[in-house]
Amino acid sequence: MSELVPQPPEDNARPLSFAQNRLWFLNQLQPESAAYHALDAVRLHGLLNVRALVKSLNHIMSRHDVLRTRFVERDGEVLQVVTANADWPVSCLDWSELPNDQRNSEIRRFADQEQHTGFSLESGSLINATVIRLGPEDHVLFLRIHHIVADGWSIGILRQELELCYESLSAGRQPDLPALPCQYADFAAWQRSWLTGPRLAGHLEYWRQRLRNLPPLNLMTDRPVSVVRSDRGGSAVREIPLTLFKTITSLSRQTRTTPFMVLLAAFQILLARYSGQTDFAVGTPIANRGRKEWEGLMGFFVNSLVMRAELRGDPGFIQYVEQVRDLALEAYSHQDLPFEMLVQELAPERDLGRNPLFQVTFGLHNLPSVSWQMSSLKTVPVDFEITTSRFDLELNLWQHADGLRLVAFFSKDLFEHETAARILQHYERLLQGIAATPDRRLSELSMLTDTQRRNVLSKWNLLPARTPVTSCLHQLFQQQAAR
């Protein structure tokens with residue numbers, strides 16, 4: 001790789017990264033959308049030093065240029081411009097007069113409101129903080145950020161640096177954080193200069209061949225697919241026990257794959273059942289921080305890989321997961337191509353009702369996340385429902401000490417909550433079947449629970465027939481269609 005050389009600080013107008021460019025385009029297309037707003041919240045018990053908290057946020061903002069960035073168009077080119085000096089916008093609310101039984105509902109209401117509060121990429125701040133006072137030693141901190149300046153990894157950095165800065169400033173010391181080797185804008189400039197010539201051509205050729213004639217995934221949905229989709233979303237949660245996850249992990253070792261590959265293969269089987277298709281794609285996120293200089297930077301680094309599923313011929317599961325492994329390894333070797341360049345190269349038909357190339361995503365989060373910590377305060381994460389969606393369906397798996405937590409984010413324009421919960425139930429049932437008999441053919445793996453199977457085979461078939469003998473079959477069909 002070529003050297004990443006930080007640019008002079010006075011040159012504050014710089015090109016966007018490819019990922020930023022796509023978010024800017026989506027914002028121009030649907031400026032009211034909240035799909036790429038990130039919200040984080042924590043409850044703080046103890047004597048909160050609000051002044052030290054605000055100074056900590058401002059210190060972090062001064063460290064990371066990307067948090068002081070706005071996006072402007074000049075002569076047909078979009079540039080990111082860093083503001084020299086800026087404070088992190090902080091609002092303080094006092095809810096201490098609210099009755100205790102109303103506070104949790106008000107916090108949930110506020111979380112929903114914050115998710116849908118807009119940003120101005122051209123002139124406004126792309127970060128915001130709100131401190132809500134519930135009592136002398138009870139506060140809630142909300143942090144709202146646009147994804148164009150921060151990804152999930154960045155949220156972990158923010159939590160970690162906020163803890164270090166707050167503890168130092170509360171004690172009257174200046175924060176002692178290591179100097180950053182570069183800034184996000186340096187990464188964006190490097191990315192554009194590095195990904196050129198034969199290197200770019202090789203990546204593009206692989207993905208052109210791999211995704212040739214890729215059909216869209218057409219899931220069974222509760223509502224028809226509309227031409228223009230809103231960002232209304234919901235979530236469903238299910239816990240996978242540790243014993244089952246350990247069996248899946250053991251199977252991955254036996255097949256020389258990874259747990260991610262086994263879990264992805266099972267999810268592709270599930271989607272094939274829900275769509276009736278044997279050829280489609282699933283998107284999966286990757287951190288895209290392959291160099292040490294980028295590990296401590298805030299910014300929008302994350303990239304998306306297109307995992308094509310081909311389930312023709314009804315193979316055994318072991319054979320299929322080995323196929324998934326081979327294709328995943330190929331995709332990883334070509335992960336440096338930004339998804340945005342791939343979309344531009346393949347030029348799929350524009351459709352505001354669909355994400356290009358894939359409509360469903362899958363992610364396994366098996367790295368330890370940076371949890372909220374404040375040594376002088378007790379921190380409790382605030383649970384709130386994600387009420388926005390970027391895709392038809394997102395399945396995210398979080399590995400923890402007791403097993404796997406499944407969270408399905410879904411578009412409310414397409415699915416009811418009960419449907420998303422049933423998808424998770426069917427996914428767990430598939431994993432149980434795979435764990436018990438991994439050598440079975442894909443068609444032999446059941447996703448129905450015992451109760452669902454009894455309903456399909458017995459209960460629903462015991463209804464008395466009331467077919468008039470005077471009607472022909474086509475007349476019965478017409479009558480039912482009219483009803």
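Visitor: How much space lies in the largest cavity, and how do I read such a value?
Guide: Rolling a probe the size of a water molecule over the atoms shows where empty space is left. In this structure, about 90 Å³ of space lies in the largest cavity. A cavity here is a set of points, on a 1 Å grid over the protein atoms alone, where a 1.4 Å probe fits but cannot get out. Points join across faces, edges and corners, and a volume is the space filled by probe spheres set on them. This is a predicted model: local features need pLDDT of at least 70, side-chain atom pairs count only at pLDDT 80 or more, and totals for chains, interfaces and linings use all residues. Residues are numbered from 1 along each chain as its sequence is written, and side-chain values use heavy atoms, with hydrogens and water left out.

Visitor: Which residues lie nearest the centre of the largest cavity?
Guide: Met 307, Arg 308, Val 324, Leu 327 and Ala 328 do, out of 16 lining residues. Lining means having an atom within 4 Å of a point. H6, helix H8 (259-275), strand E10 (303-310) and H9 each supply at least two residues. Helices (H or I, at least four residues) and strands (E, at least two) are DSSP runs, numbered from the N terminus. H9 gives the most, six residues. By class, the lining has 11 nonpolar, two polar and three charged residues. Ala, Val, Leu, Ile, Met, Phe, Trp, Tyr, Cys and Pro count as nonpolar, Asp, Glu, Lys and Arg as charged, and the others, Gly among them, as polar.

Visitor: How many cavities of 30 Å³ or more does a search of the whole structure find?
Guide: Three. Helix H1 (18-29) and helix H5 (184-194) each supply at least two of the lining residues. H5 has the largest share, three. The lining splits into eight nonpolar, four polar and one charged.

Visitor: At what angle do H6 and H9 cross?
Guide: Two packed helices are described by the angle between their axes and the distance between the axes. H6 (residues 197-210) and H9 (residues 317-333) cross at roughly 150 degrees, their axes coming within 10 Å. H6 is therefore roughly antiparallel to H9. Axes are lines fitted to C-alpha atoms, for helices over the stretch in contact, and angles run from 0 to 180 degrees between N-to-C directions. Over 145 degrees counts as roughly antiparallel, under 35 as roughly parallel, 65 to 115 as roughly perpendicular, the rest as oblique. The crossing is left-handed: the near helix is turned anticlockwise from the far one by less than a right angle, while clockwise is right-handed.

Visitor: Which residues of H6 and H9 meet?
Guide: His 203, Tyr 206, Trp 207 and Arg 210 in H6 touch Leu 327, Glu 330, Ala 331 and Ser 333 in H9. Contact means heavy atoms within 4.5 Å. The H6-H9 contact counts four nonpolar, two polar and two charged residues.

Visitor: How does H6 pack with H10?
Guide: H6 and helix H10 (residues 339-346) pack at about 65 degrees, axes 11 Å apart. The crossing is right-handed. From H6, Leu 200, Leu 204, Trp 207 and Arg 208 meet Met 341, Leu 342, Glu 345 and Leu 346 of H10. That contact has six nonpolar, no polar and two charged residues.

Visitor: What about H8 and H11?
Guide: The axes of H8 and helix H11 (residues 417-436) come within 10 Å, crossing at roughly 125 degrees. The pair is therefore oblique. H8 passes H11 in a right-handed crossing.

Note on methods. On a 1 Å grid over the protein atoms alone, a cavity is a set of points where a 1.4 Å probe fits but cannot get out, and a pocket is an open set with protein on both sides within 12 Å along at least five of seven lines; lining residues have an atom within 4 Å of a point.
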